[in-house]
Amino acid sequence: MSRSPEPDLRRLILDTTRQLLTTDGYASLSMRRIARQIGYSATSIYLHYENKDQLVHALIDEGVGMLHERLSKEVVPGHPEATLRALCAAYAAFGLEYPEYYEIMYILHTEYIERYPAEKYRRARQNLEFFARALTEGAEKGVFDGVNPLLGSTSIWAQLHGVVSLINGHRIDRKIEHATLLQEVIERIVRGQKSLK
């Protein structure tokens with residue numbers, strides 16, 4: 001069998017792991033199963049990843065990086081309302097465009113997985129900080145009511161997560177267009193920052 005260059009093998013391992021995780025779940029995932037799927041020995045995978053939790057963490061890292069890149073392009077300096085609206089839209093678009101990554105990042109039952117390393121968790125929190133900074137800037141400019149930035153950004157995340165999860169899970173009434181629902185949710189999120197007391 002012709003062997004792929006090393007970076008391609010890593011990519012193949014991660015892509016296969018992502019697909020198996022989202023179709024069959026964490027409990028069914030094993031290094032041997034991944035190896036069978038890609039046509040390599042389990043030893044080849046162990047050369048790159050110690051265990052399946054390392055694979056899951058690597059996929060979370062990738063997703064976090066992809067989301068961070070997307071959110072970082074949406075900041076509109078000096079315009080917190082436009083920034084918040086754009087961040088919400090970008091977050092939702094990421095979740096809908098990459099449902100497998102989204103599921104692994106935010107839906108996979110973490111109690112089954114080795115604890116996510118603290119330094120990686122801090123990096124993941126940077127995505128939430130885009131929202132927190134928009135809320136802080138909005139409060140400073142008098143555009144938004146003041147709110148604890150962590151609480152406010154987590155509340156926004158919870159709302160966005162809800163709509164993304166429902167759409168990805170095919171739980172929305174067919175009479176409602178997804179784009180219309182997303183727009184409604186985002187507008188309510190933005191309006192809500194102006195009415196909190």
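**Before you click**

This is a predicted model, where local features need pLDDT of at least 70, side-chain atom pairs count only at pLDDT 80 or more, and totals for chains, interfaces and linings use all residues. Residues are numbered from 1 along each chain as its sequence is written, and side-chain values use heavy atoms, with hydrogens and water left out.

**The whole chain**

Select everything. You'll see nine helices and zero strands, where helices (H or I, at least four residues) and strands (E, at least two) are DSSP runs numbered from the N terminus. Read along the sequence, that gives α-α-α-α-α-α-α-α-α. The C-alpha atoms fill a box of roughly 65 × 40 × 30 Å along the principal axes.

Of the 197 residues in the protein chain, 39% are buried. Buried means under 20% relative accessible area, exposed over 50%, and partly exposed in between, with a 1.4 Å probe and protein chains only. Contacts (heavy atoms within 4.5 Å) come up a lot below. Among those between residues at least 6 apart in sequence, 71% join residues at least 24 apart.

**Stop 1: S28**

Go to the loop between helix 1 (6-24) and helix 2 (31-38), where S28 sits. S28 counts as partly exposed because its relative accessibility is 35%. Its side chain reaches the backbone oxygen of D24 at 3.4 Å. That is a polar contact: a pair of N or O atoms within 3.5 Å; within protein, one must be able to donate a hydrogen and the other to accept it, and residues adjacent in sequence count only if both atoms are side-chain atoms.

**Stop 2: E50 and helix 4**

Next, pick E50, in the loop between helix 3 (42-46) and helix 4 (52-72). Is E50 buried or exposed? At 60% relative accessibility, E50 counts as exposed. Draw a C-alpha to C-alpha distance from E50 to R125: they are 75 residues apart in sequence and 25 Å apart in space.

Now look at the start of helix 4, where a side-chain oxygen of N51 comes within 3.1 Å of the backbone nitrogen of D53. Helix 4 has 21 residues and reaches 30 Å from first C-alpha to last, close to the 30 Å expected at 1.5 Å a residue. The expected span is 1.5 Å times one less than the number of residues.

**Stop 3: helices 5 and 6**

Select 80-97 (helix 5) and 99-106 (helix 6): their axes come within 5 Å and cross at roughly 105°. Axes are lines fitted to C-alpha atoms, for helices over the stretch in contact, and angles run from 0 to 180 degrees between N-to-C directions. Helix 5 and helix 6 are therefore roughly perpendicular, a label for 65 to 115 degrees.

Show side chains for Y91, F94, G95, L96 and E97 in helix 5, which meet P99, Y101, Y102, M105 and Y106 in helix 6. Buried residues of helix 5 include L84, L87, Y91 and F94.

**Stop 4: H170**

Jump to the loop between helix 8 (149-168) and helix 9 for H170. Its phi is near 55°, a positive value in a residue other than glycine. H170 is exposed, with a relative accessible area of 71%.

**Stop 5: Q193**

Finish in helix 9 (residues 178-195) with Q193. Q193 counts as buried, at 6% relative accessibility. Its side chain reaches the backbone oxygen of I189 at 2.9 Å. Leaving out residues up to four places away in sequence, Q193 touches L84, L135, F144, D145 and I156.

Technical notes:
Parallel < 35°, antiparallel > 145°, perpendicular 65-115°, else oblique.
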